[in-house]
Amino acid sequence: MSSRNHIHDFMRGRIIGKIEEGRKITDVAREFDIAHSVVSRLWKSFKTTGMCSRRHGGGRVRSTTSAEDRYIVLSAKRNRRRWQISFLLPQESRSPEKLLPDV
């Protein structure tokens with residue numbers, strides 16, 4: 001048995017098609033060089049759901065939205081510019097009041 005990470009959708013369809021033709025699960029598993037349990041689980045999930053595609057999205061849930069990510073990047077760039085400017089100024093003009101923009 002070879003070690004594959006995932007079976008592509010096209011190959012899943014071929015496996016399901018061969019089982020629907022009347023072939024045994026063990027024969028199909030041997031033909032595709034896949035473990036019997038993988039083919040059996042694929043067939044079982046196909047019978048219950050009617051689909052043979054993988055479930056996507058099992059990762060960690062995002063803690064920030066894309067808008068919040070953009071804001072974080074923007075504020076980091078602003079702060080970086082502010083500190084770069086402050087180190088170029090003479091020592092006496094480095095007070096935080098002079099670094100903030102006039103509103």
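Student: How many aromatic pairs are there in this predicted model?

Tutor: The count for this predicted model comes to 1 aromatic pair. W43 and F46 form the pair, and it counts as stacked because the ring centres are 5.8 Å apart and the planes sit at 25°, with under 30 degrees being the cut-off for stacked.

Student: Where do W43 and F46 sit in helix α3?

Tutor: W43 and F46 are 3 residues apart there, so about one helical turn separates them.

Student: And is W43 buried or exposed?

Tutor: W43 is buried, at 19% relative accessibility. F46 is buried too, at 17%.

Student: Switching to charges: how many salt bridges does the structure hold?

Tutor: There are 4 salt bridges. One of them joins the side chains of E31 and K18, at 3.4 Å from N to O. E31 belongs to helix α2 and K18 to helix α1, so this pair ties together parts 13 residues apart in sequence.

Student: Which residues are linked with K18 in a network of salt bridges?

Tutor: R23 and E31 are linked with K18 in that network. K18 counts as buried at 19% relative accessibility, while E31 is partly exposed at 39%.

Student: What about D27, which residue does its side chain meet?

Tutor: D27 meets R30 in a salt bridge, again with an N to O distance of 3.4 Å. Both are in helix α2, 3 residues apart, so about one helical turn lies between them.

Notes:
Residues are numbered from 1 along each chain as its sequence is written. This is a predicted model: local features need pLDDT of at least 70, side-chain atom pairs count only at pLDDT 80 or more; totals for chains, interfaces and linings use all residues. Side-chain values use heavy atoms; hydrogens and water are left out. Rings of Phe, Tyr and Trp (its six-membered ring) pair if their centres lie within 6.5 Å; planes under 30 degrees apart count as stacked, over 60 as edge-to-face and the rest as tilted. Helices (H or I, at least four residues) and strands (E, at least two) are DSSP runs, numbered from the N terminus. Buried means under 20% relative accessible area, exposed over 50%, partly exposed in between (1.4 Å probe, protein chains only).
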